[in-house]
Amino acid sequence: MSEQEKNQQMTHEITQIGMSVAMLIAGGVGVLFLSRFLPIPGTKYLFMGAYIGLVMSAVVYLFSTSYIILKINVVLAGILSIITIYMGIAILITGIGTQLICSIFLHKTYRGIFVGMTYAGLTVLTSIVISKFFIGDALFVAVDGRWIAVTVLLAMLLGSIGGWAGKYIGMRVRYAIKRR
């Protein structure tokens, strides 16, 4: 592979990561806006579960870059650490956990769906654990542990629904690109 091809491949990978991070941030702002209309605790995580499941699944089906989930989360954690370091830590842990868990799930057909489901569930779980670790037990006093478990499972369910949608979108986009 020539030097020009290596540079072109690296530019392509950086572009993929940048587009994915931009979609996650823009969609996250939209989800935060929508979650204000429902005063039920945890709705932001549930809405976010479906959205990030969709994005992460589409990323897995569209981009064949190795460790793409981890790379996206390192960049996203770096950017969102500006808001709060706790958010950056939670995102980094979620990305590492998802990459580790999903690297053993080798079947290409359902990998993206599994990534969406795992990422959504770990997002809720790590943010709750980070909150407990750094902020204190206020959440655990106010909310029963069963409600937290239900929230994680609902996020995983919505993440898998988003994963199916992401798979569909990723496959359609990949097909359209190959047709050119």
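A residue is called buried here when its relative accessible area is under 20%, exposed when that area is over 50%, and partly exposed in between, with a 1.4 Å probe and protein chains only as cover. The model is predicted, so local features need pLDDT of at least 70 and side-chain atom pairs count only at pLDDT 80 or more, whereas totals for chains, interfaces and linings use all residues. Residues are numbered from 1 along each chain as its sequence is written, and side-chain values use heavy atoms, with hydrogens and water left out.

To start with the overall picture, the chain has seven helices and zero strands, where helices are DSSP runs of H or I with at least four residues, strands are runs of E with at least two, and numbering starts at the N terminus. The chain is as compact as a globular protein of its length, because its radius of gyration is 17 Å, close to the 16 Å that the globule rule gives for 180 residues. That radius is taken over C-alpha atoms, and the rule is 2.2 Å times the number of residues to the power 0.38. Along the principal axes, the C-alpha atoms fill a box of roughly 60 × 35 × 30 Å. Of the 180 residues, 37% are buried.

Turning to helix packing, helix α2 (residues 43–62) and helix α7 (residues 145–179) have axes that come within 6 Å and cross at roughly 35°. These axes are lines fitted to C-alpha atoms, for helices over the stretch in contact, and angles run from 0 to 180 degrees between N-to-C directions. The residues of this contact divide into 14 nonpolar, nine polar and two charged. Here Ala, Val, Leu, Ile, Met, Phe, Trp, Tyr, Cys and Pro count as nonpolar, Asp, Glu, Lys and Arg as charged, and the others, Gly among them, as polar.

Thr-151 lies in helix α7 and counts as buried because its relative accessibility is 6%. Beyond its neighbours within four places in sequence, Thr-151 is in contact with Leu-46 and Val-124. From Leu-125, Thr-151 is 26 residues away in sequence and 8.9 Å away in space, C-alpha to C-alpha. Gln-16, for its part, sits in helix α1 (residues 3–35) and counts as buried at 5% relative accessibility. Residues up to four places away in sequence aside, Gln-16 touches Phe-63, Thr-65 and Ile-68.

Technical notes:
Contact means heavy atoms within 4.5 Å.
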